[in-house]
Structure formats: C-alpha cells, structure tokens
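Hi,

Here is the structure I promised to pass on. Have a look at it first, and then read my notes below.

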Amino acid sequence: KNNMNDKPLKIAISFRITNAPNYDEIRDSISHDWSLLLKKIGIIPIFVPNVLSDISSYLDEFDISGIILSGGDNFGDTPQRDYTEINMIEYGIQNNLPILGICRGMQILNRHFGGAEQKLDDSFHIKNNHDLIITHENFKNILGTSIQVNSYHANIITLENLGKDLQHFAFTKKDDTVEGFIHKKYKIIGIMWHPERKNNFSSENLIQSFFNN
C-alpha cells in the first residue's frame, strides 16, 4: 500500500501513435488529461515509447508499481503500438503488477485472454454518455450500483466474447454489452469509458484504490 509518507507510485502508461500535421513524422502522443488526472491522485506517469524493441528492459529501469493501457484507435491500426502493449501486458503478469486497460486497452486485454470485440451496428456508444449497471460487490463500494460514463468506442464486447477468466463487473443497461471486467486470477481491470476525460470522482477513486491496494 502507498501510505502518505511513501514516494508517489510510478505507473507505466502507453502512448497512441499519431501523424503530425505539416510535419513528415510519426509521433507518440497522449492527452494532457492523463497527466492531470494522475498528478491529482498522486501518481507519476512513466510513458512508454512505441519504438522500443525490449519493453521489459525499459520498464525494469523505473521500478513501476502498475501499468495503464490508454485508449484511442483500434487494435491492428498501428502494429508498433500493438507490440508495445502486448509486451506491457506480459511484463505486468510476469511481475505481478496491476494492469488497467482503458477502452482500446480493455479490448487488447480481452484479446490477450482469448476474447474478441465486434463492431457496433449503431452509434449508441459513440460520443454518448450512458448509464452502467455495476454487478460486483467490490465495485459497488467504489462506484455505487450504477454510474453514468462517457463513451467514445465503436467496438463492443459481449458476454459471449469475454476472454478466459474475465468476469464482468459493469454492463450497459440498454444493450447488455460489457463495460468493465476483472480477471479472476491476476490484478487486471478493463473499463470501456475514459476516466481521464471527465471529472468523475468515482472513476478517480477506482484508479486510486486499484493501484494503492
């Protein structure tokens, strides 16, 4: 646990890959919202570039306490990012570190354990805040029995497509799609909403308690 007298936790977080307008270069990038949120809850972000061949050696240098797989874009769009995040997942499991996947990060975790996502038939989950039902007692204590979240994803995960040993703790009331899961053996959580994009006290509590306990 991270007590008041301890140093702030260092959490590794993945970048998305973007093209820079007016520049002939590819860049790693991440929203300022992440740095602001992590600073607010006392976490130092360790950003992981998408050009490393040996992710493990890089992470070994920082004495990290956990991993965040950030959102944005689809699996397969940028193979370098896919490689980086797959290696981050493997590193986290091997070193018994908590791993939090956000949106795309949740989807890549689901894939890692043999699950799949499917494309939306409508725009219900795209830029449309909606209510979730919380089904797991541990998460009800943090989030309550229901929570309204933001939503920016064109892919969904159904109960039938959940990976091995993943248990849902949040689902969308309207269409029963899985919006949050926890691994039964490892300290791994995936959520489909973006806690960094909205001042959401319960989402901050979720991240803080996940990495501090």
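Which residues in α4 are buried? In this predicted model, they are R104, G105, M106, Q107, I108, L109 and N110. That makes 7 of the 9 residues of α4, so the helix is largely enclosed by the rest of the structure. Just after α4, G114 takes a positive phi of about 90 degrees.

Helix α3 covers residues 79-94 and α4 covers residues 104-112; their axes come within 11 Å and cross at roughly 65 degrees. Angles from 65 to 115 degrees count as roughly perpendicular, and α3 and α4 are therefore described that way relative to each other. The crossing of α3 past α4 is right-handed.

As for who touches whom, the α3 side contributes R81, D82, E85, I86, I89, E90 and I93, while R104, I108, L109 and H112 come from α4. By type, the residues of this contact split into 5 nonpolar, 5 charged and 1 polar.

Leaving out residues up to four places away in sequence, I68 touches I11, A12, I13, S14, W34, L38, M88, L100, I102 and F211.

Cheers

Terms used: Residues are numbered from 1 along each chain as its sequence is written. This is a predicted model: local features need pLDDT of at least 70, side-chain atom pairs count only at pLDDT 80 or more; totals for chains, interfaces and linings use all residues. Side-chain values use heavy atoms; hydrogens and water are left out. Axes are lines fitted to C-alpha atoms, for helices over the stretch in contact, and angles run from 0 to 180 degrees between N-to-C directions. Helices (H or I, at least four residues) and strands (E, at least two) are DSSP runs, numbered from the N terminus. Angles under 35 degrees count as roughly parallel, over 145 as roughly antiparallel, 65 to 115 as roughly perpendicular and the rest as oblique. A crossing is left-handed if the near helix is turned anticlockwise from the far one by less than a right angle, and right-handed if clockwise. Contact means heavy atoms within 4.5 Å. Ala, Val, Leu, Ile, Met, Phe, Trp, Tyr, Cys and Pro count as nonpolar, Asp, Glu, Lys and Arg as charged, and the others, Gly among them, as polar. Buried means under 20% relative accessible area, exposed over 50%, partly exposed in between (1.4 Å probe, protein chains only).
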